[in-house]
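Here is a short briefing on one protein chain. Look at the sequence and the structure first, then read on.

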Amino acid sequence: MPRIIIQLDRVGMIYQTGSGPVEALNDITLDVAEGEFVSLVGPSGCGKSTLLRVAAGLRPMTSGSIIVDGTPVTRPIPKVGMVFQAAVLLKWRSILDNVLLPAELAGLNAGAYCDRARDLLKLVGLAGFENKRPGELSGGMQQRVALCRALLLDPPLLLMDEPFGALDAMTRDDMNLELLRVWGEATGSAGRKTILFVTHSIPEAVFLSDRVVVMSPRPGRIADVVDINLPRPRSVETRATAEFGQHSLRIYDTLTGRKAGAAGVPLQALS
C-alpha cells in the first residue's frame with residue numbers, strides 16, 4: 001500500500017471579515033498517497049486555493065486536522081515546493097539566481113546548488129538562459145523557471161495553484177506535458193513527487209491526474225472524487241479517447257448538475 005503523504009480530516013475554514021464570518025471550507029476529508037497526482041477543480045470562490053494554503057500551513061484552519069508526511073500541520077511546512085499562477089520571479093535577478101532563491105531563503109549555501117539549478121533548467125529546456133532576466137522570457141518560459149525554483153531543494157511534495165491559468169492554450173498544453181515529464185510519468189511511480197494541483201480546467205485536470213477532486217460552491221465541500229484510469233504515459237492523443245471524454249463529462253455534470261451537450265449547455269464549456 002502506498003504511504004499517505006497528506007491527510008485532511010474534517011477540515012473547515014472560516015474567514016472573519018468586517019461584515020461577518022465567511023465559511024470557505026466545510027468538512028474536507030481527503031488522503032493523498034505518495035507519488036500521487038491529485039487535482040482540485042471547482043467553481044471560482046469554492047476554496048480550492050484556500051485548501052492548498054491550509055495544507056501548506058500558510059493559513060490556519062478553523063476546524064479539523066492536517067497531517068503532512070506524518071507531522072501535524074501547525075505552521076508553514078518546510079519540505080514543500082509551491083508554484084502559483086504568476087511566476088513571481090525577481091526581475092532584477094538572473095534566471096539562475098531566481099532558481100537559487102529557495103536555498104538562500106533557507107540559509108543554505110546557494111553556490112552548492114548551482115549544478116542542480118543548471119540541471120533543472122536543462123531538464124525544462126532552458127539551458128543557455130541562465131544569465132537572462134525574467135523580462136527576456138515568455139510567460140511559459142517564466143513558469144518553467146518557477147517550476148525549477150520549486151524543485152531546487154527536492155521537496156517530496158508540490159502544491160500548484162493554477163500555475164498555467166494565465167497561459168495561452170497551446171503553451172498550456174506544452175506545460176502540461178512538461179510537468180508530467182518532470183514529475184517522472186514515464187519512469188513509474190517510484191521516486192515521483194506527490195502533487196496537489198488546483199485548476200479551473202476540466203481537461204487539464206483529467207489529463208494530468210490520477211484522481212480529480214470536484215468541489216462544491218462555497219463553502220467548499222468534496223462533491224465527487226473521480227479516479228482517472230487512463231494509461232500512462234499520456235500524450236495529446238489521450239485527449240481524443242472516449243475514456244477521456246467520459247471522465248470530463250462526469251466532472252462537468254457534477255459541477256453544473258446538468259448533462260454536457262444537453263439543450264443550452266455547449267460542449268465547448270468543458271474547456
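In which loop is Pro-219 found? Pro-219 is in the loop between strand S9 (211-215) and strand S10 (222-227). Helices (H or I, at least four residues) and strands (E, at least two) are DSSP runs, numbered from the N terminus.

This is a predicted model, in which local features need pLDDT of at least 70, side-chain atom pairs count only at pLDDT 80 or more, and totals for chains, interfaces and linings use all residues. Residues are numbered from 1 along each chain as its sequence is written, and side-chain values use heavy atoms, with hydrogens and water left out.

**The whole chain**

- The protein chain has eight helices and 10 strands.
- Its radius of gyration is 19 Å, close to the 18 Å that the globule rule gives for 271 residues, so the chain is as compact as a globular protein of that length. The radius is taken over C-alpha atoms, and the rule is 2.2 Å times the number of residues to the power 0.38.
- Along the principal axes, the C-alpha atoms fill a box of roughly 55 × 45 × 45 Å.
- Of the 271 residues, 48% are buried. Buried means under 20% relative accessible area, exposed means over 50%, and partly exposed is in between (1.4 Å probe, protein chains only).
- Take the contacts (heavy atoms within 4.5 Å) between residues at least 6 apart in sequence: 68% of them join residues at least 24 apart.

**Surface and charge**

- The chain exposes about 13,000 Å², and carbon and sulfur atoms supply 53% of that area. Accessible areas come from the Shrake-Rupley method with a 1.4 Å probe; for residues, only the protein chains shown count as cover.
- The chain has 29 positive and 28 negative charges, and their mean positions are 4 Å apart. Lys and Arg count as positive, Asp and Glu as negative; His and the chain ends are not counted. Each charge is placed at NZ of Lys, CZ of Arg, CG of Asp or CD of Glu.

**Helix H5**

- Helix H5 covers residues 139-151, and at 1.5 Å a residue its 13 residues should span 18 Å. The end C-alpha atoms are 19 Å apart, which agrees. The expected span is 1.5 Å times one less than the number of residues.
- In H5, 10 of the 13 residues are buried. Among them are Gly-140, Val-145, Leu-147 and Cys-148.
- The cover over the buried residues of H5 includes strand S6 (80-83), helix H4 (114-123) and helix H6 (169-183).

**A buried aspartate**

- Asp-161 is part of strand S7.
- Asp-161 counts as buried because its relative accessibility is 6%.
- Leaving out residues up to four places away in sequence, Asp-161 touches Ser-49, Leu-52, Arg-53, Val-83, Phe-84, Gln-85 and Val-198.

- The peptide bond from Arg-218 to Pro-219 is cis, with omega near 0°.
- The bond from Arg-232 to Pro-233 is cis, with omega near 0°. Pro-233 is in the loop between S10 and helix H8 (242-256).
- Asp-69 is not a glycine, yet its phi is positive, near 55°. Asp-69 sits in the loop between strand S4 (63-68) and strand S5 (71-72). Asp-69 is partly exposed, at 36% relative accessible area.
- Asp-154 has a positive phi of about 55° and is not a glycine. Asp-154 lies in the loop between H5 and S7. Its relative accessible area is 47%, so Asp-154 is partly exposed.
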